[in-house]
Amino acid sequence: MLIQSFISHQWKQAVRSTIWQKSLAMNIFMFFIGFILFAEVMVLSIFIGSEWHDIVKDTEPLKAFYKVIAYYFSAMFVMRFLMQQLPVLEVRPYLHLPVKKNYLLHFILGKGALNFFNLVSIIFFTPFAFFQIGYYYGNLTAVVWLVSMLFIDLTINYLIIYIKKQLVNSLTIVSIMIAVIGFLALGDYLKWYSYSSLFADFIETMIKSQVLFVLPIVLAAFVYWINFRFLSRNLYIENLSSYTKKTDNQIGNVGYLKNFGVIGEIIGVDIKLYLRNKRTKSMLYLSPLFLAYGLMFYPQDQYERDGGMMIFVGIFMTGILMVNYLQYAFAYEGSYFDMLLTSGINFKEYIRAKFITASILVSVSFILTLPYFLFGIEIFFINTACFLFNLGMVIPIALYFATYNKKSLNLSQGSAFNYQGVGASHWLFLIPFFIGPLVIYLPFKWFGNPTLGYIVLGSIGLIALVFRQFFIRIILKNITERKYIMAAGFRERG
Amino acid sequence: MIQVNNLTKSYNGVEALNINSLKIEKGTCFGLVGNNGAGKTTLFRLVLDLIRPNEGFIEIAGKNVASTEQWKQLTGSFLDQGFLIDFLQPEEFFEFTGKIKGLSQDDIQLFIKEMEDFFNGEVIGKKKLIRNLSMGNQQKIGIAAALMGNPEIVVLDEPFNSLDPSTQIRLKNLVKRKKEEKKITFLISSHDLNHITDICDRIVVLHEGKIAHDILTGEDTLTALELYFAV
């Protein structure tokens, strides 16, 4: 059977990849985190589902829960956007075989329905459906209600897949979508209408006039169809390497860099790397969202008092671009690492170039977050401390650990199918970078002098900055020792 | 120029290469032949310090390649696609390589002009990224880049692969000319016995990681090689 061999190929691909075998610890950790989340959601949803009427003490307990669902879906939307992996199938080996194209497409899209988030939704909705909806309206309605909730979830699922794919294809569509979503959120915020009440009303009407249950199914089918159409138009090999547009070939030429000798050349290649590859480009498109992170925290009073959260936000906003860049500083160049090793490039200059680019990224992020001082001048001081810490301390550490990232990333094969997107593991890798500053700051806060904590944080950054040459030497030594291992890892493509 | 001393390399306990002693004189065109898995690429990677030998060492101009860097300025190499930056245009790639090799902007333009005949008008001025060029054209770019910056040693792994017949002949002429004019030492591996006997002064046959034959090219070399590889 065809579908069985597809599934077995996928399984083999996953298990036989060297990354899986070599970073077993990471996989176990991911599994562990997933399992805990899973168990928590399960216990919580059964508890809430069975005891809801006691918890809310509302005259309309169901309607209160529908409002919760409204926020659940919007939180899911954001979570999925950041963490959900795209379904991937390397189609090229199958395209020339007598396999129906539609079959391949349905397989890919079907695979997209199997993910962690959908499982969470099933666990989230099932207890409530049977304990509450079943109690009021009978079990048949409960089942139908559950199915329609899951179809709304599927709609979001496929919408995210579509948006993430368009992110590298058509910026216009994504911008329009983000504008629409932003406008709706703003409307809710300014109380033009209430998103949660509207949603609750909708679910209530749905239960009363049964016909509307069809709507989620129609919606999900529609989004699935949009995805299907998009994929089928991009199935041909010529689209797989769709970089024939001449404008794309010209971008990233910065003549100014020519004045800086070899370092300028290395930075120039880095810039072109970023602007001419889909994977890196989508990372750049996401960066404005990272900088807007502060908007989620600063306007709220309880966070303003909690310095730890402010440090976290500051480190995140001024550092995320740089960390993303440095984390893969060598891995992105893995496809020509042999060339770098033999070309006679001075590796000290090479590392210095990475430091310079990273410093520019941190500085630009810092400048862009300056307007946040409008929420309070202490935000400016905290962000300055975070900026200094990122500049002096995090850059060398991130670059040091980048030498352990020897997985070759295929940048050029950025098709709709072969998309090594930004997944959960990518974010997990970043956690240590954000815990460090908190470890430094929190003792000062607990002993009642948070301001000193900020000063110490910034000072550590400044002192580390003075020792930059020392860090460069350490990283150089590490690369010299690890170059054979790195090169061997990068040679294993795919 | 190049000296191999008691070199062994094994992967997962299986010996891939074992060369007691091998000396390559300056200005020789050294040909390496052998069936798949004989150890040709392994030897070249060891010469270029891309993998670490289990025992022994290789010297270029009297210096161990694993512990020094100077040899990199004397050596140009093209083994596989891993030597190309595929999101650059050919011109940008030559500029990058040239700058690293210490060439000026004019030198680089001069070099590109010199290679025009070899490229046959299919590489320069196309405004295409390297990854969008055919395998043959990518191969041309890699070979040309290996010749940049007046190297004394040029290492090419199966350079005739995916080249069209005319370019194969152009490559042979190019190698012969560079050897005459600049006294470049070439290390070339190939499966094409005709080409390799045509351009190389000395041919080494590798078999299961060991040197099976070491021949100075003469009239009957081709026949001898064909006989050796006959099934």
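Which residues in H14(A) meet which residues in H3(B)? In this predicted model, the residues on the side of H14(A) are Val262(A), Glu265(A) and Val269(A), and those in H3(B) are Phe96(B), Lys99(B) and Ile100(B). Sorted by class, the contact of H14(A) with H3(B) contains four nonpolar and two charged residues and no polar ones. The crossing of H14(A) and H3(B) is left-handed.

The contact between the chains as a whole draws 26 residues from chain A and 27 residues from chain B. On the side of chain A that touches chain B, two or more residues each come from helix H13 (246–250), H14, helix H19 (337–342) and helix H25 (468–491) of chain A. H14(A) gives the most to this side, with six residues. By class, the side of chain A that touches chain B holds eleven nonpolar, nine polar and six charged residues.

H14(A) also packs within its own chain. The axes of H14(A) and helix H20 (residues 347–369) of chain A come within 9 Å and cross at roughly 55°. H14(A) and H20(A) are therefore oblique to each other, and H14(A) passes H20(A) in a right-handed crossing. From H14(A), the contact is made by Val262(A), Ile263(A), Ile266(A), Ile267(A) and Asp270(A); from H20(A), the residues are Glu349(A), Tyr350(A), Arg352(A), Ala353(A), Ile356(A) and Thr357(A). Seven residues of the contact of H14(A) with H20(A) are nonpolar, one is polar and three are charged.

Two sheets of chain B are described next. In one, four strands form an open sheet in the order S2-S1-S4-S5 (chain B), with antiparallel pairing. Strand S2 (14–24) and strand S5 (63–64) of chain B are the edge strands, each pairing on one side only. S1(B) and S2(B) pair in the antiparallel sense over nine bridges, and in S2(B) the bridge partner of Gln3(B) is Lys23(B). S1(B) and S2(B) form a hairpin with two residues between them, and in the turn Asn12(B) has a positive phi of about 50°. Strand S1 (residues 2–11) of chain B is also joined by five bridges to strand S4 (residues 55–60) of chain B, and the two run antiparallel. Within S4(B), Ile60(B) stands opposite Ile2(B). Helix H1 (residues 40–47) of chain B lies across S1, S2 and S4 of chain B and runs at about 120° to S1(B).

In the other sheet, six strands form an open arrangement in the order S6-S7-S8-S3-S9-S10 (chain B), and the pairing is mixed. The edges are strand S6 (75–78) and strand S10 (210–216) of chain B, each of which pairs on one side only. On average, neighbouring strands of this sheet are turned by 15° against each other, direction ignored. Strand S9 (residues 202–207) of chain B runs antiparallel to S10(B) and is joined to S10(B) by six bridges; Ile203(B) stands opposite Ile215(B) in S10(B).

Helix H6 (residues 135–146) of chain B lies across S6 and strand S7 (153–157) of chain B, at about 170° to S6(B). Helix H9 (residues 221–229) of chain B lies across strand S3 (29–33), S9 and S10 of chain B and runs at about 160° to S10(B).

Methods: Residues numbered from 1 in each chain as written. Chains lettered and ligands numbered in written order. Predicted model: local features only at pLDDT ≥ 70, side-chain atom pairs only at ≥ 80, totals over all residues. Pairing = 2+ DSSP bridges. Contact = placed C-beta atoms within 7 Å. Axes fitted to C-alpha atoms, helices over the stretch in contact; angles between N-to-C directions. Left-handed = near helix turned anticlockwise from the far one by under 90°. Nonpolar A, V, L, I, M, F, W, Y, C, P; charged D, E, K, R; others polar. Parallel < 35°, antiparallel > 145°, perpendicular 65-115°, else oblique.
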